[in-house]
Amino acid sequence: MLKTIFDIYSKEEIEANIAEIKELLNDKYSDKDILDELNYDMKEEFLSTAKARLRNEKDLYKDIGKDVLYFNEEDLRFSTPKIIADYRAKKLKCNKIVDLCSGIGVQSNAFSDSCKEVLAIEIDPRKVKYAEENFKKKNLKFIIGDVLSEEIITKVKEFSPDTIFVDPERLAGEEERNLESIKPNLKKLIKIYSKITSNICIEIPPRIENNKLKEFECEKEYLTLKNKLNRLNLYFGKLKEFDIRVSDAFSGVYIYNNDSAKKIKSNHKMGWYIYEISDAVIKAGLLNELGKWTEADLLLGTDKNKVILTNNKPVIKFSCFAECYKVIDKTKNINEVNNILKNNKFGKAVIKYSIEPKDYWKERNMFEKGLSGNKEAVIFKINKEYVIGEEV
């Protein structure tokens with residue numbers, strides 16, 4: 001049996017070791033110097049755990065939250081952000097749920113708050129041990145096993161779940177996402193577990209090409225976090241409500257494919273407000289639907305890497321999919337941008353158009369020279385003009 005830090009040290013010793021390494025990291029020690037300084041077992045795992053803790057503490061909103069203590073860098077990289085886990089737990093609320101490929105248990109723990117019983121299954125013994133140390137709840141059980149093995153399939157049948165959730169393993173360095181590299185094999189998994197319940201939710205890589213999903217009779221939900229595409233959920237059985245949906249994990253606002261949505265109008269004329277469209281909407285192919293609900297037109301002449309909508313009234317409800325900016329001013333002369341920013345008391349300016357990375361700060365510093373205000377401006381390039389906006 002693979003040993004973990006919990007098999008060697010007490011909780012107090014583990015926390016002391018992590019605290020020591022965090023202090024060294026904060027003092028800018030290199031990984032090599034830290035490992036040379038440490039004289040206890042599994043120091044590489046302790047170093048990775050300390051580094052992961054520090055990263056998580058910087059952005060609890062983005063990562064797994066403050067209540068999860070034991071995880072390393074790889075665990076954090078592949079774990080579900082807490083806000084996503086909570087969103088899915090509410091959506092999949094039921095009496096009994098099975099979490100296949102449960103990792104260190106962040107999603108399983110969220111399910112335990114919305115479901116009466118949770119059975120979590122993971123093939124990696126280390127991750128199961130970490131999950132058990134992180135989450136001690138009476139209605140949550142972790143077991144080690146291969147989800148395609150007869151033993152585990154039998155245990156799931158005996159558990160008799162209402163819903164099954166799957167977060168399968170993906171290759172970390174894959175250039176182009178594809179279904180064939182996902183473990184376990186999704187077709188085989190669906191065939192087996194749909195005989196237990198048709199209500200299955202599977203998370204797959206959100207950047208996977210849409211044409212690779214045509215064979216699945218399911219709802220495809222593109223999930224956003226902070227206006228960015230974060231997850232793709234496939235819903236089968238009674239969980240399916242639409243064909244395609246884009247949902248915001250924070251607000252719960254969503255848009256869905258609608259045959260009555262006419263093709264979005266195109267317009268060369270800029271309104272008082274412009275909207276920077278989330279990549280989730282583009283990926284899902286729901287630009288026409290968003291145009292209908294925001295009553296906005298597609299603004300022509302924009303940066304080729306940007307999709308911008310425009311209208312004369314702000315639509316805050318859908319700002320999670322279309323970040324809304326009020327147009328302050330515009331100019332064709334790059335040298336006039338700084339004066340516009342000063343006159344409107346901006347202190348910062350974020351460039352929103354395509355620019356070579358090596359030139360970004362050179363141009364931004366030119367725009368921000370002498371600024372002293374507290375407000376932040378955004379700068380687009382539209383119809384060969386520099387458009388200065390402010391977030392609504």
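Modeller: Contact means heavy atoms within 4.5 Å. The model is predicted, with local features needing pLDDT of at least 70 and side-chain atom pairs pLDDT 80 or more, while totals for chains, interfaces and linings use all residues. Residues are numbered from 1 along each chain as its sequence is written, and side-chain values use heavy atoms, leaving out hydrogens and water.

Colleague: Okay, what share of contacts between residues at least 6 apart in sequence join residues at least 24 apart?

Modeller: Take the contacts in the protein chain whose partners are at least 6 apart in sequence. The share joining residues at least 24 apart is 66%.

Colleague: And how much of the protein chain counts as buried?

Modeller: Buried is under 20% relative accessible area, exposed over 50%, partly exposed in between (1.4 Å probe, protein chains only). Of the 392 residues in the protein chain, the buried share is 53%.

Colleague: At what angle do the axes of α6 and α7 cross?

Modeller: Those are helices at 82–91 and 106–114, from DSSP runs (H or I, at least four residues; strands are E, at least two). Axes are fitted to C-alpha atoms over the stretch in contact, with angles from 0 to 180 degrees between N-to-C directions. The two axes come within 8 Å, and they cross at roughly 40°.

Colleague: Which residues of α7 make that contact?

Modeller: On the α6 side you've got Ile84, Ala85, Asp86, Arg88, Ala89 and Lys90. Facing them from α7 are Val106, Gln107, Ala110, Phe111 and Ser114.

Colleague: Phe111 forms an aromatic pair with which residue?

Modeller: Rings of Phe, Tyr and Trp (its six-membered ring) pair with centres within 6.5 Å; planes under 30 degrees apart are stacked, over 60 edge-to-face, the rest tilted. This one is edge-to-face, at 5.6 Å centre to centre and 70° between the planes. Phe111 has 0% relative accessible area, and its partner is Phe165.

Colleague: Is Phe165 buried or exposed?

Modeller: Its relative accessibility is 0%. Therefore Phe165 counts as buried.

Colleague: Which residues do ring pairs link into a cluster?

Modeller: The whole structure holds 16 aromatic pairs. The cluster linked by ring pairs is Phe242, Tyr254, Tyr256, Trp293 and Phe318.
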